[in-house]
Amino acid sequence: MAKNIAVIGDSESIKGFCAIGLDIFPCTDSDKAQHLLRRLADSDNYAVIYLTEELFELVEKERKRYEEKLTPAIIPIPGVKGNSGIGTKRLSSFVEQAVGSDIIFND
Amino acid sequence: MAIMNVNPTRMQLSKLKKQLTTAVRGHKMLKDKRDELMRRFLDLVKETRELRDKVEKELSACNAHFVNASAVMSAEALDASLMSPKQQVSLEVSSRNVMSVDIPEFSAVTRTSDSGDIFPYGFAFTSFELDDAVMSLNELLPDMIHLAQIEKSCEMMSAEIEKTRRRVNSLEHVMIPRYQETIKYISMKLEENDRSSRTRLMKVKDMLLDKAHNYSQRPAE
């Protein structure tokens, strides 16, 4: 089953992805982002949804619903405003959840 | 540890013994599962971390290219050159079972056969920065897809490890001791019953013998 890849974020950060064939959804507003994410994830057309880091923090509640499902994978990417380290923090929280304490990122 | 609320009968005892062996076996298997999942998870996390660092670095380089391009070109021209993509990427999703966790596997399928055939615009009116940006982004795409796959796997595995860990702990520290205590309680109770009926029998035997032979009324020799 072929699925697509979506990118949600401010238009500056994501317009490049349009050129290489991903579906882009410009959005900066928290409420809209939540609706958009839910719509895209429930439509079952997208295997991966990249979110810019700013939005990724705003839609935490919506993300939780898809944690246990195989698709979509909701992945933060840095936008034009630079890298805020959310991706690494997220990984470290996985380690913490699995091991009980963070044994990889605390150096 | 509190014992279970059961009747101290032989039936219960053998039932509990069976449950205890099942619990012990389950505990051992879950512990093995947890250890193996943990091993794989830690490897995967290390891989993900390296890949994420790489992707983030290259993505910010791409963004810098785009900012340069947008400085040279007008916003309309930039949008116009990017917004009509030639290429369409879709993903074939399959799943792989790792220690009872279904993790996704993505493989990219491009619409045109040549995956390098990406530029959705003519080169005449666009800046070379844009070419760089689009090209580097296209080169980054396989890594980004792989990142999505392994990061999702990490997410699912960490949830599964947490669950398994809780199960192992509850078996090890709650269920198994409780079964052991209850089994001990029942067997002690049964032994106690046994002893008391034995003494009662001995006592009855004494009384009967006494009646038959009139030991108490004979004069002491």
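**Entry 1: chain B overall**

I began with burial in chain B: buried residues make up 26% of its 221 residues. I note here that the model is predicted.

Next I listed the elements. Chain B has three helices and two strands. Read from the N terminus, their order is α-α-β-β-α. I then checked how spread out chain B is. Its radius of gyration is 38 Å, well over the 17 Å that the globule rule gives for 221 residues, so chain B is more spread out than a compact globule. I also took the box along the principal axes: the C-alpha atoms fill roughly 135 × 30 × 25 Å.

I looked at contacts within chain B with a separation of 6 or more. Of these, 83% join residues 24 or more positions apart.

**Entry 2**

β1(A) pairs with β1 (residues 89–98) of chain B in the antiparallel sense, over three bridges. I picked out one residue, Ala2(A): its bridge partner in β1(B) is Glu92(B).

**Entry 3: the nonpolar core**

The largest nonpolar core has 61 residues. Which of them touch the most other members? I got Ile8(A), Leu22(A), Val48(A) and Ile49(A). Helix α3 (residues 128–213) of chain B gives the most to this core, 13 residues. As background, nonpolar side chains tend to be buried together in soluble globular proteins.

I took a closer look at Val48(A), leaving aside its neighbours within four places in sequence. In chain A, Val48(A) is in contact with Ile5(A), Pro72(A), Ala73(A) and Ile75(A). In chain B, the contacts of Val48(A) are Leu91(B), Phe106(B), Ile145(B) and Ala148(B).

**Entry 4: helix α2 of chain B**

Last, I went to α2 (residues 75–82) of chain B. Leu78(B), Ser81(B) and Leu82(B) are buried there. They cover an arc of only 90° around the axis, which puts them on the same side of α2(B). What covers these buried residues? I found that the cover includes α1 of chain A, together with α1 (10–72) and α3 of chain B.

Technical notes. Residues are numbered from 1 along each chain as its sequence is written. Chains are lettered from A and ligands numbered from 1 in the order in which they are written. This is a predicted model: local features need pLDDT of at least 70, side-chain atom pairs count only at pLDDT 80 or more; totals for chains, interfaces and linings use all residues. Helices (H or I, at least four residues) and strands (E, at least two) are DSSP runs, numbered from the N terminus. The radius of gyration is taken over C-alpha atoms; the globule rule is 2.2 Å times the number of residues to the power 0.38. A residue is buried if 20 or more other C-beta atoms lie within 10 Å of its own, exposed if 12 or fewer, and partly exposed in between; C-beta atoms are placed from the backbone. Two residues are in contact if their C-beta atoms, placed from the backbone, lie within 7 Å. Two strands pair if DSSP finds at least two bridges between them. A nonpolar core is a set of buried Ala, Val, Leu, Ile, Met, Phe, Trp, Tyr and Cys residues joined through C-beta atoms within 7 Å. The arc is that of the directions from the helix axis to the C-beta atoms.
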